[in-house]
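Morning, everyone. I have one structure to go through today, and I will keep to what can be read from the model.

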Amino acid sequence: QGIKYTGGCTCMCFIYHIPSRRGRVVSLGDSRLLVLSKSNDGEGIETLLSTHSVEDLLEPVVTKENGHWGFITKTHTLQNENETYRIKGGKENKFEIREARGNLYLVNPDTFHHVEPTRGMGDFIMRAAGFTSEPEISATFSIKTSTLILAASDGIFDLKVWQENDFIEFVSHLLQEHGEDTSKLAEAVYRETLEKAYSVLHYTLIDDMSMFICLSTGVKTDI
C-alpha cells in the first residue's frame, strides 16, 4: 500500500533498574516526564541531581510549598531553544516557523504541512524541514525511595492549560495529600487538567491526555 508520509506520534520511555534504583529517560516528541522526590530533608537534591550537572534534556525543579525536588524533561517543540537552534543550524533544512492559536508550528514550505513537535515517529513529509526521529537520552541518575515518576502526553502538559510551575506545584500538593496512592494521584491530575482545559479552551482543541504514574517504592503503577 506504500508509505504514509503524514501522521506521527511521540514516545517517552523511562528505564528503571529496581535493585540499584537508577533510571534513565529516552524522549522523542512533546510528551514529558516529571520526577519528583518526596524528601524534605535535602537528601533528594543530592540523590536526584548528583549525576545531573548540565543535561539538556533534564531541567531541575523545586516546589516552593512542600520542598519537593526533582526534574522535568524538556519538550521537543519550538518552545525549546535547543530545538530551534538545531533546526535553524541544519544547512539542508528548508522550513518556516508560524504561530497560530498561541502555538509555534514547524512548516514545510513546499507542502504546507505543519507540526508542533520537532521530533517524533512518522511525519516523513516533515524531514526536509528538520523534523527528526532521533530521540534524546538522559544520563543515568539515582532515584531515592518514594520518588514519583509521572509521564504524560501534551494534553496534560499543555502550556495553554497549565503553566509548568503551577503543574509541578499541583502534583507536589497531591503527593502531600494522597501519599503513595497512585490511583488517586492519576485521577486528580486527569480531572483537574480536564476542568482547566474546558475552562481555557472552551470545549475545543482539547488534546489527548495519556498518563503513566509510578512510585519508586515498588512496581505499582497507574495508567
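The average pLDDT of the protein chain is 83, and 85% of the residues score at least 70. For residues 44-48 the pLDDT is below 50, although the stretch has 19 contacts in the model beyond near neighbours in sequence. For residues 50-54 the pLDDT is also below 50, with nine contacts counted in that way. Where pLDDT is low, the predicted coordinates should not be read in detail. Please keep that in mind for both stretches.

Now the overall makeup. The protein chain contains four helices and 15 strands. It has 223 residues, and 46% of them count as buried. Taking the contacts in the protein chain with a separation of 6 or more, 62% are between residues 24 or more positions apart.

The largest pocket holds about 660 Å³ of space. It is lined by 30 residues, and the closest to its centre are D30, N103, E116, D154 and D207. Which elements give two or more residues to that lining? They are β1, residues 8-9, and β8, residues 103-107. Of the elements, β8 gives the most, with three residues. By class, the lining of the largest pocket has twelve nonpolar, nine polar and nine charged residues.

The second largest pocket holds about 260 Å³. It has 14 lining residues, and those closest to its centre are M12, S31, A151, A152 and F212. Three strands supply at least two residues each: β2 at 11-17, β13 at 147-152 and β14 at 211-215. The largest share, four residues, comes from β2. The lining here divides into nine nonpolar, four polar and one charged. So much for the pockets.

The space in the largest cavity is about 40 Å³. Its lining consists of R32, F157, L159, W162, Q163, E164 and F167. Four of these are nonpolar, one is polar and two are charged.

Next, a sheet. Strands of a sheet pair through backbone hydrogen bonds, either parallel or antiparallel. The one I want to show is an open sheet of three strands, in the order β7-β8-β9, and its pairing is antiparallel. The edge strands are β7, residues 96-100, and β9, residues 114-115, each pairing on one side only. Between β7 and β8 there are five bridges. If you want a place to look on screen, find R98, which stands opposite Y105 in β8.

Last, one residue. T193 lies in helix α4, which covers residues 182-201. Is T193 buried or exposed? T193 counts as buried because its relative accessible area is 0%, and the cut-off is under 20%. What does T193 touch, leaving aside neighbours within four places in sequence? The contacts are G155, I156, V161, W162 and M209. One of them, W162, also lines the largest cavity.

That is the tour. Questions are welcome.

Technical notes. Residues numbered from 1 in each chain as written. Predicted model: local features only at pLDDT ≥ 70, side-chain atom pairs only at ≥ 80, totals over all residues. Heavy atoms only, no water. 1 Å grid on protein atoms, 1.4 Å probe; cavity = no way out; pocket = protein on both sides within 12 Å on 5 of 7 lines; lining within 4 Å. Points joined across faces, edges and corners; volume = space filled by probe spheres on them. Nonpolar A, V, L, I, M, F, W, Y, C, P; charged D, E, K, R; others polar. Pairing = 2+ DSSP bridges. pLDDT = per-residue confidence, 0-100. Contact = heavy atoms within 4.5 Å. Buried < 20%, exposed > 50% of the residue type's maximum accessible area, 1.4 Å probe, protein only.
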